[in-house]
Amino acid sequence: MTKIKELMKPRLLTGDTPTGRLHLGHWVGSVENRVLLQDDYDCYFLIANIHAFTTRADRPEEIHQSVVDILLDYLAVGIDPKRSTIFLQSEVSALSDLTYFFSMLIPFPRLMRNPTIKDEIRDKGLGDNYSFGFLLYPVGQVADILAFRPQIVPVGEDQIPHLEMTREVARRFNQLYCGVDSHAEDQDHLALGGLFPVVEVKLGRSRRLVGIGQPNAEGNLLKMSKSLNNAIFLSDDPDTIAKKIKSMYTDPKRLKATDKGSVENNPLWIFHEAFNPDQAWVTEAEQRYREGTIGDVECKKRLIEVLVDLIEPIRQRRLVYENNLDQVLAILREGTAKANDVASATAKLAKAAMKQLYF
Ligand code: TRP
């Protein structure tokens, strides 16, 4: 019975580009959720190392280290290799096969209209110097997704344009090669003989977490991010956490505990609200902070305790895995072998639909 239930689990696929260790922003945005989703879905978690080369082809060692870091972080937070499949993009060659074929189904100007691509060109200062491969990566992502024919693809908001493209490619492929009528409803594509599901866009509970640094010139707090140097990592030790929290940005107008403080736009309280299990204390302390009857030091001390309680067990598990790197890499190898089976079976079906199976 359980076996059948296992087999009937709907499939989920999502992934990360390895650009560094995971931090608290990843945790509230998606990682915490993934750990829970393992019960109800047959989960595939992709480490998108080819994508990392789109903007850092000159830093292969760094990408290598980031792959290992993400893998360690996944295991440390509780992604369970017995239930979920963790795999490496560059070792699943069917993904590259599909990328090439899918690239024929997307008009080139369509790529240039992708808002996430435009934002990245601006935010990463790529100017006119982005590579051909950079523009190709959303097509690669379409292949990452469709190769697994998943029911759900939980991603953050910035990934929606890529999912929209995934839907377009699925429709086009099904129409061109599987005889699905061009007026078919998205949800009917599989029943009408289409190979690929027109995947639903379902946003995760993806809250955006601020970092511990100063606001920008417009007064907006910035998103937690490794490159902005405002992150608390899931692998930080208690001393590092304490140091970061003690020097974190709070209300700059509040100089002593008897000054009235502002709770809004204050990372101290954003963090308490996001992570403190004792929300009754948080509500009361926020009121006292507004009135000027509680000190920053006490509130920060509480926050340090809360974050150490959350992160320390993760860090301890990570240390165990760090000391067993061979075993950890074997987990990635086995996951990748399983992913290869699924993706190459899909690629074969795609080639059959495209009349390109000869022997
Ligand atoms: N582009 C995603 C990111 O940078 C990573 C990614 C690659 C991905 N392939 C994917 C996410 C497939 C979901 C599904 O975060």
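This is a predicted model: local features need pLDDT of at least 70, side-chain atom pairs count only at pLDDT 80 or more; totals for chains, interfaces and linings use all residues.
1. The Arg 34 side chain meets that of Asp 16 in a salt bridge, 2.9 Å from N to O. The pair ties together distant parts of the chain, with Arg 34 in helix H2 and Asp 16 in strand E1, 18 residues apart. Asp 16 is buried too, at a relative accessible area of 14%.

2. Now the sheet. It is open, with 3 strands in the order E1-E2-E3 and parallel pairing. E1 (11–16) and E3 (85–88) are the edge strands with a single partner each, so one side of each has no neighbour in the sheet. From one strand to the next, the twist averages 20°. Between E2 (residues 42–47) and E3 there are 4 bridges, and Leu 46 sits opposite Phe 87 in E3.

3. What lies around the sheet? Helix H2 (residues 24–37) lies across E1 and E2, at about 150° to E1. In helix H3 (residues 49–56), the buried residues include His 51 and Arg 56. The cover over H3's buried residues includes E2, E3, helix H4 (60–77) and helix H8 (132–146).

4. Back to charges: the whole structure has 24 salt bridges. One of them joins Arg 167 to Glu 164 at 3.4 Å, N to O. Both lie in helix H9 (residues 160–178), 3 residues apart, or about one turn of the helix. Arg 167 counts as buried at 15% relative accessibility, whereas Glu 164 is partly exposed at 29%. There is also a network: salt bridges with shared partners join Arg 21, Asp 69, Asp 73, Arg 318 and Glu 322.

Technical notes:
Residues are numbered from 1 along each chain as its sequence is written. Side-chain values use heavy atoms; hydrogens and water are left out. Two strands pair if DSSP finds at least two bridges between them. Helices (H or I, at least four residues) and strands (E, at least two) are DSSP runs, numbered from the N terminus. Axes are lines fitted to C-alpha atoms, for helices over the stretch in contact, and angles run from 0 to 180 degrees between N-to-C directions. Contact means heavy atoms within 4.5 Å. Buried means under 20% relative accessible area, exposed over 50%, partly exposed in between (1.4 Å probe, protein chains only). A salt bridge is a side-chain nitrogen of Lys or Arg within 4 Å of a carboxyl oxygen of Asp or Glu.
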